[in-house]
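Hi everyone, thanks for coming. I'd like to walk you through one chain today, so please have a look at the picture first.

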Amino acid sequence: MLSCQAWPEPVVRVQALAESGLSSIPSRYIKPLSQRPSNTFSSTPHQPSQTHHEHLHDHISAHQHANIPVIDLEQLFSKNESVRKEGLKKMAEACSEWGFFHVVNHGVSHELMKSARELWREFFNQPLEVKEEYANSPTTYEGYGSRLGVQKGATLDWSDYFFLHYMPPSVRNQAKWPAFPTSLRKVIAEYGEGVVKLGGRILHTISVNLGLKEDFLLNAFGGESEVGACLRVNFYPKCPQPDLTLGLSPHSDPGGMTILLPDDFVSGLQVRKGDEWITVKPVPNAFIINIGDQIQVLSNATYKSVEHRVIVNSNQDRVSLAMFYNPRSDLLIQPAKELVTKERPALYSPMTYDEYRLFIRLNGTCGKAQVESLTSKSSLQG
Ligand code: OGA
Ligand code: NI
């Protein structure tokens, strides 16, 4: 199996670079013109019926007014059937039109969310030597890291992160979690429990919306005690030239579903909508949920994972906690039989998540290239 023992170049901590007070960023963080934040999708041809002026107008209005939908979880579990149905319909639309939504009334304590974010901020604000004790390698990615992928000479993103395994319990190793701040390990465990529970409830409602048994997706992921969950805490330092780089390059999340706790004040996440990047506006105490590639496969592309990226700014650091809720890594993932018909044959061949994630671990972020390559492969075979 392909694997890599070490990073191809000496690791540079972006936070240390930012704190060194430089006024221009090193060339390895400078994105090609077409990938910079101000760029929309110039490679996508404009609608022939649209004049340039109309196109520009659409562009501006979309950016000013659009935001991802807000879903009320209490509504989805309401005892009142019409309330519940209305909520489910709203969520189905969010899943197919955006692949992203905010969730409120989600049952996770707001205090716990706040303390998890603040303790992680404290972790990143410790001296470099302390963080370096947790330096990660591309074999497991566990620990303190500053890049995704091992391609020599790759353009890098303006962020550092901490990656750890939470579920299943057999892969959880608290010794690899930060020992300081002292309450962090305890808070990670509590936070993980709440967020994984929330993930289960959301999978339940997505299954119902797909016309499947309510426990279909959870079972396909290995069941409550065997699902995979890992946490990536992203730290996006302020950047002297934010127009030249990205905090995180365009990608879809490779796993099942992501439960993101964004920064409470600083925005930065952008979601692709057609040929626009829409900046997500913060909703207090909400989580952001997005569909990953494995739900795209299981739903036979009824729901698609959606590309997103992160922009940075020159005034404020940004912290986010992404909990990746994944299938157990050795289970074969394939389109649900119920969603495969003569008219709509299986778009993807079976693959374990272990095999699937190897790609991103070697190549880093690459838009939706990976899940799309599966489609073309299987349609060639079929
Ligand atoms: C991710 C991600 C978004 C953010 O970690 O996969 O997309 O806002 N994060 O940090
Ligand atoms: Ni992501």
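Some housekeeping before that. This is a predicted model, where local features need pLDDT of at least 70 and side-chain atom pairs count only at pLDDT 80 or more, while totals for chains, interfaces and linings use all residues. Residues are numbered from 1 along each chain as its sequence is written, and chains are lettered from A and ligands numbered from 1 in the order in which they are written. When I say helix (H or I, at least four residues) or strand (E, at least two), I mean DSSP runs numbered from the N terminus.

Please find strand 12 (318-326). On one side strand 12 is joined to strand 5 by 9 bridges, running antiparallel, and alanine 229 stands opposite tyrosine 325. Strand 7 (residues 257-261) also pairs with strand 12 in the antiparallel sense, over 5 bridges. There, threonine 258 sits opposite phenylalanine 324, and methionine 257 has tyrosine 325 as its bridge partner.

How many residues of strand 12 are buried? The count is 9 of its 9, where buried means 20 or more other C-beta atoms within 10 Å of a residue's own, exposed means 12 or fewer, and partly exposed lies in between, with C-beta atoms placed from the backbone. Arg318, Ser320, Ala322, Phe324 and Asn326 point one way, Val319, Leu321, Met323 and Tyr325 point the other way, and all are buried.

Contact means C-beta atoms, placed from the backbone, within 7 Å.

The other sheet is open as well, with 4 strands in the order 6-11-8-9 and antiparallel pairing. Its edges are strand 6 (248-251) and strand 9 (276-279), each pairing on one side only. Strand 8 (residues 269-273) is joined to strand 11 by 3 bridges, and glutamine 270 is partnered with arginine 309 there.

Now the ligand. Which strands each supply at least two residues of the shell around ligand 1? They are strand 5 (228-236), strand 11 (308-310) and strand 12 (318-326). The shell includes Arg232, Asn234, Asp253, His308 and Ser320, a residue being near if its C-beta atom, placed from the backbone, lies within 6 Å. By class, the shell has 6 nonpolar, 4 polar and 2 charged residues; Ala, Val, Leu, Ile, Met, Phe, Trp, Tyr, Cys and Pro count as nonpolar, Asp, Glu, Lys and Arg as charged, and the others, Gly among them, as polar.

One of those shell residues, Asp253, is also in contact with aspartate 293. Aspartate 293 is in helix 9 (residues 293-298), and counts as buried because it has 26 C-beta neighbours inside 10 Å.

For a contrast, take leucine 128 in helix 6 (residues 128-132). Leucine 128 counts as exposed, with 11 C-beta neighbours inside 10 Å. Beyond four places in sequence, its contacts are Arg13 and Ala16.

Finally, some backbone details. Most residues other than glycine have a negative phi, and most peptide bonds are trans. The bond from methionine 167 to proline 168 is cis, with omega near -5 degrees, and another cis bond joins phenylalanine 180 and proline 181, with omega about -10 degrees. Asparagine 285 has a positive phi of about 60 degrees, and asparagine 300 has one near 50 degrees. Happy to take questions!

Conventions:
Contact = placed C-beta atoms within 7 Å. Pairing = 2+ DSSP bridges.
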